[in-house]
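User: I've got this one open on my screen and would like to go through a few spots with you. Could you take my questions as they come?

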Amino acid sequence: MKRLETDKIYRKIIEKTRRGEALDDAEMLELIVLPLTVKGERQQQEMAAKAIELAKILPDEKQSLSALSGILTFSDKILDQEFAKKIKEEIKMTKVVQMIFNDGVESGVAQGIKALIETYQEFGISREDSVTKVMQKFSVSQEEAKEYVKKYW
């Protein structure tokens, strides 16, 4: 690819990320191979750094991880070991943050269900009606709702 195309692709991806838009498959591929579109080891490493920064700010977390992994894989020969190690650490941290977030969401949902069941109990709503209401409010299966009611009643 010519340098002009590299710059055009880079700007297009920046604009999409600024608008909070996910990349399509072709744009993901362009981002991943972006460092390989310039000549010279130094320029390739600089473009890899720019591509990685773009990948880190993609609005879709899965796309971000895929792009980081792809850039690392495709740029393996042009990245120095220290830089590659830094990228691997960022990928790990991104996954850890996502796991912590998911745990927090699950904990918050459980606390909300607990408070709701306790309120239903205080207002004299039956266990059966509480199961139905938990299913409706939290989009959980009947089995899950029954377990919550059994646990928090």
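User: Is tyrosine 148 buried, partly exposed or exposed?
Analyst: Tyrosine 148 counts as partly exposed, because its relative accessibility is 22%, where buried means under 20% relative accessible area, exposed over 50% and partly exposed in between, with a 1.4 Å probe and protein chains only. This is a predicted model, in which local features need pLDDT of at least 70 and side-chain atom pairs count only at pLDDT 80 or more, while totals for chains, interfaces and linings use all residues. Residues are numbered from 1 along each chain as its sequence is written, and side-chain values use heavy atoms, with hydrogens and water left out.

User: And tyrosine 152, buried or exposed?
Analyst: Tyrosine 152 is buried, at a relative accessible area of 15%.

User: Where do tyrosine 148 and tyrosine 152 lie?
Analyst: Both are in helix 7 (residues 142-152), four residues apart, which is about one turn of the helix; helices here are DSSP runs of H or I with at least four residues, and strands are runs of E with at least two, numbered from the N terminus.

User: How many aromatic pairs are there?
Analyst: The count comes to one aromatic pair, under a rule that pairs rings of Phe, Tyr and Trp (its six-membered ring) if their centres lie within 6.5 Å, and calls planes under 30 degrees apart stacked, over 60 edge-to-face and the rest tilted. The rings of tyrosine 148 and tyrosine 152 have centres 6.2 Å apart and planes at 10 degrees, so the pair is stacked.

User: Switching to helix 6, which residues are buried there?
Analyst: Ser130, Val131 and Val134 are the buried residues of helix 6. Viewed down the axis of helix 6, the buried residues fall within an arc of 105 degrees, so they line one face of the helix; the arc is that of the directions from the helix axis to the C-beta atoms.

User: What's exposed on the other side of helix 6?
Analyst: Glu128 and Gln136 are exposed on that other side of helix 6.

User: What comes just after helix 6?
Analyst: Serine 139 does, with a positive phi of about 50 degrees, although serine 139 is not a glycine. Serine 139 is placed in the loop between helix 6 and helix 7, and counts as exposed because its relative accessibility is 68%.
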